[in-house]
Amino acid sequence: MSKKFEKVFISMFLCFFIASCTNQSLQQQSLYDALGQYEGITNITHQLILVIAQDERVKHRYKDANMQRFKKGLSDYICVAVAGPCEYTGDTMQMVHAGHNYTNTEFNAIVDDLILAMEQLGIPVATQNRLLAKLAPTYKDVVYQ
Amino acid sequence: MTMTRNFLVLTMALVCYVSNAAILDLKDADTISRSRLLATGGASTIEGAAGGGIVPMAVLAGYGAQEEQGAAAFGSYVDTSDYQLEVIGGSWSWRNRIELSFAQQELTHDSLTAALSLPTDSISQRIIAAKVRVAGDLIYTAMPQISIGAQYKKNLDFLVPAAVGAQADSGTDVNLTATKLILGGFFDRNLLLNTNLRYTNANQTGLVGFGGDKNDDKELMVEASAGVLLNRHWLVGTEYRQKPDNLSFIKEDHWQTAFVGWFPNKRIAVVAAYVDLGGVATFKDQTGWYLSLQGSF
């Protein structure tokens, strides 16, 4: 391999690693503000419900659900997850999902739908990713419970 | 030249599939019943397994989640100054657990044929492989997704490889791979990190046979790739592949690529790359271009 390309390659790698390590400490707008505060979060959950309603993979899961309650609960949950000034009064993620045996496929479907909903609302990719990073760890409390 | 014909036919079929998918249901394709997120099926490597271009990843082909299946078909082309490589292949995955893949490679070496007055101008190889996801999830677990795979390779034109000292016309690579997508990990863009340990004695992936006069034993090779998803459709990154050096007649160099992957929807992936293969069988500085087209089903 050429020495020049080797240098480019190594510096790209180092850049990735260093940036991923120092990323958290960079000064930036709080995620809560980036999402447009509570109103922005409610818009996302509203849009998500519209997308889910069209999604054959998961819509049957919401057949008997009280969607107003779901919307409020999810909005509060997200608000707390992004360190917003809210109180989440619902059950833990584990409690909410226990006994339903939600599948890996369904979890992926909801994430798919959430990304689509955020895209439809024109939320910037960076903000989308920051929110997804906060929500992804719920996987272990939701799937196959 | 049947390979070239097959390559053209498959590539044209893929182009048809891809253009249909692009025109008819670009929107629809976002919600087809393959549920893993866009780009998480990776592309198809030149050896058939899901990954980048030259380095496999722990992800399985297609977009099937754990209650689904998935498949992919691909055609890839590499052109350095003195060599061309055509690859066609396919893969199938079941419940995001097992991946089976197939690749047929044809290396054209006109410059070498002219220089050494060889009786042939190409070498073909067939690769059959399996990969199992043993732990973790690419995105949703703290630990990376970890897969173990084996690639059985059969060199179909062993005349030239044998003449330069290769010991066997077939071999099996064993891969242990870890891959992680860190959400927002690179300036709030999703960061893909991947490492593969390959236990192999293949010369130039097996196109120049297996083992050699200098070394006949399998060795552990380190491969790595890293990329950033600019958004969910565009992945830019780089790969490095350490190579064995088994033949005293022709030194083998490590490989690397810098690539751009485009994932317009869950049916299509296009990867273009700049490749640096170093010296390949007496010809120095083999740099050039790589293009791969993948359809997912």
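## Confidence

The mean pLDDT of chain B is 92, and 93% of its residues score at least 70. The structure is a predicted model, with an ipTM of 0.87 and a pTM of 0.89.

## Chain B: dimensions and fold

Chain B has 297 residues, and a compact globule of that length would have a radius of gyration near 19 Å; the value for chain B is 18 Å, so the two agree. Along the principal axes, the C-alpha atoms of chain B fill a box of roughly 55 × 40 × 35 Å.

The secondary structure of chain B consists of 14 strands and three helices. Buried residues make up 54% of the 297 in chain B. Among contacts in chain B with a separation of 6 or more, 61% are between residues 24 or more positions apart.

## Helix H6 of chain A

Helix H6 of chain A runs over residues 104–120, which is 17 residues.

How many of the 17 residues of H6(A) are buried? The count is 14, so described because each has 20 or more other C-beta atoms within 10 Å of its own. H6(A) is therefore mostly covered. After the helix comes A:Gly122, which has a positive phi, near 70 degrees.

Methods
Residues numbered from 1 in each chain as written. Chains lettered and ligands numbered in written order. Predicted model: local features only at pLDDT ≥ 70, side-chain atom pairs only at ≥ 80, totals over all residues. Helix = DSSP H or I, 4+ residues; strand = E, 2+ residues; numbered from the N terminus. Rg over C-alpha atoms; globule rule 2.2 N^0.38 Å. Buried ≥ 20, exposed ≤ 12 C-beta atoms within 10 Å, placed from the backbone. Contact = placed C-beta atoms within 7 Å. pLDDT = per-residue confidence, 0-100. Expected span 1.5 Å × (residues − 1).
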